[in-house]
Amino acid sequence: MRLAPGSVGWLLRHELRLAWFNAAGGKAADGRRRPGNMALGLAAAGCIVMHVASWFVVRQLAGMPGDDPRILLAVSALLIVAATFMLSSAIKACVVVMFERSDLDLLLSSPLPSRSIFTVRLLGVCAGTAALYLFFLAPFAHAGLLQGQFRWLGIYPGVIALAVLCSCGAMLLTLGLVRMLGARRTRVVAQIVGALAGALLVIASQLHALTSRQTQERIRDTVLGLVQREGAADNPLWLPAWAMLGEPLPVLLLGALTCAMFMLTTWRTHRFFARGLQLAASSPSTAAGKPLAMPLRPRFGRSLFGTVVVKEWRLIVRDPQLLSQVMLQILFLLPLFFLIFKRADVQVQAIGAGLALLCSSLTGALAWIALSAEDAPDLLLASPASQRTVRRAKLAAAMLPVLGVVAIPLLWLAVRMPAAGLVACLVVCGAVSGAGLVVFWCGRPGVRTNFKGRGKGGFVMNVLELGNSLAWGALGWLLSAATLGQLDTMRIVVAAGAASFAIAVPGIAWMLRSRSM
Amino acid sequence: MDDQLPALRLVGLRKHFGRPAVDGLDLLVRRGEFYALLGPNGAGKTTTLRLVTGLLAPDAGTIEVLGVDMTAAPAAAKAKLAYLPDEPMLYGKLKPFEYLEFVAGLWGVAAQDAEPRARELLDWLDLTQHANELTEGFSRGMKQKLALAGALIHDPELLILDEPLTGLDAAAARQVKDLLLAHVAKGGTVILTTHILEVAERLAHRIGIIRQGRLIAEGTLVQLRERTQGGSLEDMFLHLMAAP
């Protein structure tokens, strides 16, 4: 079908083509861009597995009563979780659309109407937000269709409506931030809000560990009481859940609400979107002339090691995008710290395992920034400085902040429960060292802006980092349990295996260093 | 230090990337000389400079920087030179003073020398008023000037520049040229590549012309003019490029 150049359809086709190549990007031998075979193969395999699994699940749930309040509650909870993650990813997508797409100048200088550009960009955000959820949930709709359980088809309108509503909300929020804060600050704030929205549920999922059993029971009873009340199922709050369950009227109502929201967003805000784009395109990423926080004052004459460490810390602290993503990982540590400081019945196994996993992940992220994402590698290579010292300093710059963050909680734990504290210190040090060494030996050069996609560049590094986290996490759990006297032959064998693996991971990284660096 | 030692001596330098990029290059640059290396795109100029600065390892041949073999003693050789590529090697999230502090640290410059030198260079290049800004907000010219300040922070004996004037406005280009001439006047050596033939014509003591990784002509402007019976450097350059 030929689409008129400059029309919404034509622009949308261009947008989808770009998204397709970016999602499944690959290059043919002649340099032409085409979807990568590996990515397509994995997606196809995943799709088949999901369809097979959903076939059995749908058949199993064939006799399920559709009007059971507990099902309504479960679907609604699922939708809240999905909506939170959708909002998080949509905010990030809006930031990319407004600030990071390199074709803004081209589009703004073309005679295309701003409404077309905005509509297509928003549709792109909606499609990107819905895609992942449809990948996992659409097979249930297909299985339902084939088995004659048509209510499963409600998944399609439910997911798409939720994605559109979240995308419109995210776009309005981003544009609102531009109006209130200006383009430069919006970029930072939106990234942090997006990251926090995603993190909120993970933090919330830890609430059960932070609240007493009586409180948990009280909350459960209250919610069930509300749901099972006479006429409660007719409350409009359940509309999305009813739509997901395939009820025709709620599907229509949700569809109408979604269309209205989309049209209102595009009609009312397209001019401001164009203005926001212009602001973003003309705004430097930092305010020129404005003094910035100086975490470490310049001081000439430091040792080479100190000079490199200070430089790496400055670069990390001053990059809000990186910092928000790194801080997010620290955020996940907070529930563990709460357990250490507040709870009387400290769950030492969870603390040992959790600290090992999170510290390993945090160190891996910082080590990648310091070691792999060097902005001026030629400057370092052209200098007479010892490259070994430079790399060791970078490794230290990645490891020290992590150890600093957990130092006080660990000391407190060691005071309260010396054996458990000692174990936690051991596993944290091991996890941090292992993660740092994996990146040190197997990290591949990358660019800072590609922090989120760093995994794509180094399969070996990723696998080893994961192995390091899991090995030290398991060791943390088992050794902490041992301090409580929970020790049997099986646990000793598993702990020995985990310890061997934890030691083997840096060893493997060292052996692979010449090939993978 | 023996004053008779050349600033740079290349003997039979070779580097292949599938095809020869530098093909048996012999070159000698004297101390205190301003040497311009010219050539068309893909002639091997940048590869030569990257070999000289130790960023690439040669397939064959020797590189001596002020008498120090780059392959045998890279750290000692690198300590004597500075390299300014066409894309400035900066950190966007550092301020100018912090960048100079870092570069001084890499070259091991003592604090009592580095700090006043950094202030002097920033002042000279009109960057003092931007000393509290991150370099990511700098214009191309400001970035290039800061990178040049970084290259000069350790007062190198040999300064190597790849297209240092590309993208600079007239005022910034003048500042850079003045700084290079001052460096040579103090006894330093400058080797630069440029596409702006007028720069080579006005600044360089000697000019080398490279094609397909080989030096096809070398000498002062007068010597080159005699050899090609040409008028301007542009005429001579085009004449040499057209020759079989």
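**Close-up views of the predicted model**

With 15 C-beta neighbours inside 10 Å, Gln212(B) falls in the partly exposed class. Like everything shown in these views, this comes from a predicted model.

**View 1. Gln212(B) sits in a loop between two strands.** On one side of this loop is strand 9 (206-211) of chain B, and on the other is strand 10 (214-219). Gln212(B) is not a glycine, yet its phi is positive, at about 50 degrees. For context, most residues other than glycine have a negative phi.

**View 2. Asp155(B) also has a positive phi, of about 50 degrees, without being a glycine.** Look for Asp155(B) in the loop that links helix 5 (140-152) and strand 7 (158-162) of chain B. Asp155(B) counts as partly exposed because it has 14 C-beta neighbours inside 10 Å, a count that lies between the limits of 12 or fewer for exposed and 20 or more for buried.

**View 3. Chain B meets chain A through 32 residues of chain B and 28 of chain A.** On the chain B side, helix 2 (74-79), helix 3 (96-106) and helix 4 (111-124) are the elements that each give two or more residues. Helix 3 of chain B supplies the largest share, with seven residues. Sorted by class, this side of chain B holds 18 nonpolar, seven polar and seven charged residues.

**View 4. Helix 18 of chain A is mostly covered.** This helix runs over residues 418-442, and 19 of its 25 residues are buried. From first C-alpha to last, helix 18 of chain A reaches 36 Å, close to the 36 Å expected at 1.5 Å a residue.

Notes. Residues numbered from 1 in each chain as written. Chains lettered and ligands numbered in written order. Predicted model: local features only at pLDDT ≥ 70, side-chain atom pairs only at ≥ 80, totals over all residues. Contact = placed C-beta atoms within 7 Å. Helix = DSSP H or I, 4+ residues; strand = E, 2+ residues; numbered from the N terminus. Nonpolar A, V, L, I, M, F, W, Y, C, P; charged D, E, K, R; others polar. Expected span 1.5 Å × (residues − 1).
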